[in-house]
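Subject: Structure for your review

Dear colleague,

Please find below the structure that I am handing over to you, followed by an account of what was found in it. I would be grateful if you could read the two side by side.

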Amino acid sequence: MKIPTSLLTGIVLVNAVLAAADENYGYSLPVYPSPMGGRISGDWSDAYTKARAFVSQLTLLEKVNLTTGTGWEMGRCVGNTGEIPRIGFPSLCLQDSPLGVRYTDLNSVFPAGLATAATFNKNLMYLRGKAMGMEFRGKGINAILGPCMGPIGRAPEGGRNWEAFGADPYLQGVASYESVLGIQEEGVIATAKHYLLNEQEHFRQYAEWVGLYTNLSAPYSANVDERALREIYAWPFADAIRAGAAAIMCSYNQANNSQACQNSYLLNGILKDELGFQGFVMSDWLGQRSGVASVLAGMDMTMPGDGLVWADGISLLGSNLTTAVLNGSVPLWRLDDMATRIMAAYYKVGQDPSTYPEPNFSSWTLSDYGLEIAGSSEGPTGLINKHVDVRTALSRQMTRQIAQESMVLVKNTNNALPLNNVRRLGLFGSAAGPPLLGPNGCSDRGCDNGTLGIGWGSGTANYPYLVTPLEVINAMAIVQGTSVQYNLDDYDLDNVATLAGAVDTAVVFITADSGEGYLEVEGNIGDRNNLSAWHGGDNLVTAVASENSNTIVVVESVGGIDLEAWIEHVNVTAVLFSLVAGQDLGIGIADILYGTVSPSGKLPFTIAKKTSDYPATVIYDVIEPVPQINFSESIFVDYRHFDKYHIEPRYEFGFGLSYTTFHISGLSVTRLNGIVDSEVPPEPPSYNPPLYLNGSVPSPSSAIYPGNIPRYSHYIYPYIEKDIAESITYHPDDYPYPEGYSDIQPSKPSPAGGASGGNPALWDVLVQVHASITNNGTTGGSEVLQLYVSYPAVDGVDFPVRALRGFEKLSASPGETSTANFDLMRRDLSYYDVASRNWLLPRGTYTVYIGTSSRNLAEAGTFSF
Ligand code: BGC
């Protein structure tokens, strides 16, 4: 059997070849056919009934239009599908970002994913999603390109770590689940991204990097073993899917040497079979690298439409998909499935063309009037920005409360904080004050200048305002009569030292920034070059601390930084992390400094004493044409690595101080009766029979451009030219489908599959745990009770020393006790067994730890199976 080539590139579908060569690490097995949507009972049934009815009435060209973007800047949003004018169905608007509506105004910049994770507050995760859902809907957006649950952050320098929810899959999973619920309850499609293994920016895309590294021939391959794939990287996606996530974005990189957007193992196998995903898979922007191969491997929509080159108007789908269906290289059922999945997502969140708002903004200008199709001067002009203020009371509450609750206090000696009757306060560092060019002065926030509220790249939005710490502290000074002096020049060390010696308390603001790989900031191409504070931050802290015995450091950063130059300096009395806390971070910082609220944020990653202590780092150099990035740490990311190798971190995952103290007590662990707790989970339900839509492949002449509608250059259409139509014959038997290819849908899911998120038995609660905290301090506060599990020994299976499997944030006034309940599900207690391709529940004794960080564990209990 031969192997199909893509329509345009001639790239050979590598899955089958590689599978034949070696089924081990670094290779991706072929999985075909693509599982059709709508074959599981439950939540998605109504959506599929409607979607099938809708797609049944469409022509071939109309179906293709649903699957293909119109091209970069060929519509109001960063992604726009083709419309179906015959039945009045609009173009769907897909818009960044995971923290607010990108490229518009009168929207909020919510705290980024990392800050949200640092709250460890599930309700805030949910309400933030809801508040964002309201804003996106208010702008007329069908799908938000978020939440972001990859990168996990295996390498602390990873440029986009801050967009996602921290270095633990369980934390990412809970935050993703809550975010998706909140977003979709407001009627907006949530897009879980980036699927999968896009853990660094260097070499994520060929075109972006080949100019700098001419020997590059393809994006990097993230090579990962089967367990880490499920237990770490796909884990949060399972939660998002369980919450109903209606879209997934496949990533730029290769995974085990097959492009993520044409990796049949990841898309057909894990996503659509094992995780039971019922929505649609869209490519990351130009992340699709082949035509037929990607479609057969399970990708359903191409974005922004252009295939290999930005804005060239040539799609790998569009008219090429039309051709592929007409000649039989893509089966009609597969196109039907792509369109049905897209429409099922649309109906799942309750959208309807008669009620859903259309975009009232343009991503490409803030002017009121302009081109409807920004990328084509031939198109109509009109009112394209209505400047609708979409912010709500809930948005305001979220931007402030998450900023407060995400602040992580890691050091506080001599009760340096909260500030108490300070008479002479000195502020140092440019990060205390405003960005010189204004909050939106750098495109996609591509500079580190002044207060740092978010990182850079597509994961950003325009600030409505940005509150700096300086302005809030000045406002406090008016009330409290404090003298506030400052020097915001990071490099003016002599004058800084002089002023530091002339104030009672000094607060030094330092930063570390990162972002997406298409922008370079101060020599950092997306990923951070190192973990040091930017702008000579270490020198600034040391200069201040050398003259002032009460030096407080505020780190405004996208992740952990190397603190070792000064963390043990006797004059550095307090250190506070502000982790990309959004537009209100100045309020959040000041509220902690002044004790308006007690800090309750926890580190969503580990901070090491030495860079070499981390399990992984970014690969910065091309040493082979296809950079091979081996995730050889396997499941031992972040604290799992430090625990396994007995490495003392500077500050561990889950750590964060409070202004009050808590006592943990009352741990109870109960194994529930009456639930199947066998080692092998019960078999999942079978698939319902596939429902094929009626219809047959039309004649090629029906797909010819009709001539009576405007045709703009570089705009992507589904039509084919007359000469092509005349050359097409339908001959599917002649097409060399990949090895193992079959059109026959299986009747049973894989043992790990069967419902949205996986085998429903994985969500059975097997053990319940209760524990309480009592506030035995003198001020009110909140504490995050964290539950870690250690597993019984299994021959040949390496378990983490402990894994996070529950967290609850509890508030208590002095003297008050609050109790947390934790449900441990089968999935929480299982490991992925590669041989049986299933999740197994080990036999033996488990230990449950309750504490306030991954290393501060106050109570322990056991249970056994
Ligand atoms: C990013 C995505 C983003 C898309 C659209 C890509 O470069 O990786 O996260 O949603 O662009 O802007």
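How many cavities of 30 Å³ or more does a search of the whole structure find? Please note before the answer that this is a predicted model. The search finds 10 cavities that reach that volume.

**Cavities**

The largest cavity has a volume of about 180 Å³. Its lining is made up of 18 residues, and those nearest the centre are Gly153, Pro156, Asn161, Ala167 and Phe605. Sorted by class, this lining holds nine nonpolar, six polar and three charged residues.

For the second largest cavity, the volume comes to about 150 Å³. It is lined by 16 residues, with Pro435, Pro439, Arg445, Cys447 and Asn449 closest to its centre. Here the lining divides into 10 nonpolar residues, five polar residues and one charged residue.

**Pockets**

The largest pocket holds about 880 Å³ of space. Among its 37 lining residues, Gly82, Glu83, Pro85, Ser91 and Tyr715 lie nearest the centre. Helix H3 (residues 60–67) gives the largest share of this lining, with three residues. By class, the lining of the largest pocket comprises 21 nonpolar, 10 polar and six charged residues.

Of the 30 residues that line it, Leu29, Val31, Arg230, Tyr265 and Arg837 are the closest to its centre. Which helix supplies the largest share of the lining of the second largest pocket? That helix is H10, with six residues, and H8 and H10 each contribute at least two. The lining as a whole consists of 15 nonpolar, seven polar and eight charged residues.

**Helix H8 and its partners**

Helix H8 (residues 226–233) and helix H10 (residues 264–274) have axes that come within 13 Å of each other and cross at roughly 50°. H8 and H10 are therefore oblique to each other, and the crossing is right-handed. On the H8 side the contact involves Glu226, Leu229 and Arg230, which meet Tyr265, Leu266, Ile270 and Glu274 of H10. The residues of this contact are four nonpolar and three charged, with no polar residue. Arg230 and Tyr265, which both take part in this contact, are also among the residues closest to the centre of the second largest pocket.

H8 also packs against helix H9 (residues 235–242): the two axes come within 4 Å and cross at roughly 50°. H8 and H9 are therefore oblique to each other. H8 brings Leu229, Arg230, Glu231, Ile232 and Tyr233 to this contact, while H9 brings Trp235, Pro236 and Phe237. Six of the residues in the contact of H8 with H9 are nonpolar and two are charged, and no polar residue takes part.

**Helices H2 and H13**

Helix H2 (residues 45–56) packs with helix H13 (residues 332–348) at an angle of about 130°, and their axes are 8 Å apart. H2 and H13 are therefore oblique to each other, and they cross in a right-handed sense. From H2, the contact is made by Ala47, Tyr48, Lys50, Ala51, Arg52, Phe54 and Val55; from H13, by Asp336, Ala339, Thr340, Arg341, Met343, Ala344, Tyr347 and Lys348. By class, the contact of H2 with H13 has nine nonpolar residues, one polar residue and five charged residues.

**Backbone features**

Most residues other than glycine have a negative phi, and most peptide bonds are trans. The following places depart from this pattern.

- Gly146 and Pro147 are joined by a cis peptide bond with omega of about 5°. Pro147 sits in the loop between strand S3 (143–144) and helix H6 (169–185).
- From Leu417 to Pro418 the peptide bond is cis, with omega near 0°. Pro418 belongs to the loop between strand S12 (408–412) and strand S13 (424–428).
- Phe120 is not a glycine, yet its phi is positive, at about 50°. Phe120 is located in the loop between helix H4 (113–119) and helix H5 (122–138).

With kind regards

Methods. Residues are numbered from 1 along each chain as its sequence is written. This is a predicted model: local features need pLDDT of at least 70, side-chain atom pairs count only at pLDDT 80 or more; totals for chains, interfaces and linings use all residues. Side-chain values use heavy atoms; hydrogens and water are left out. Axes are lines fitted to C-alpha atoms, for helices over the stretch in contact, and angles run from 0 to 180 degrees between N-to-C directions. Angles under 35 degrees count as roughly parallel, over 145 as roughly antiparallel, 65 to 115 as roughly perpendicular and the rest as oblique. A crossing is left-handed if the near helix is turned anticlockwise from the far one by less than a right angle, and right-handed if clockwise. Contact means heavy atoms within 4.5 Å. Ala, Val, Leu, Ile, Met, Phe, Trp, Tyr, Cys and Pro count as nonpolar, Asp, Glu, Lys and Arg as charged, and the others, Gly among them, as polar. On a 1 Å grid over the protein atoms alone, a cavity is a set of points where a 1.4 Å probe fits but cannot get out, and a pocket is an open set with protein on both sides within 12 Å along at least five of seven lines; lining residues have an atom within 4 Å of a point. Grid points are joined across faces, edges and corners, and a volume is the space filled by probe spheres set on the points.
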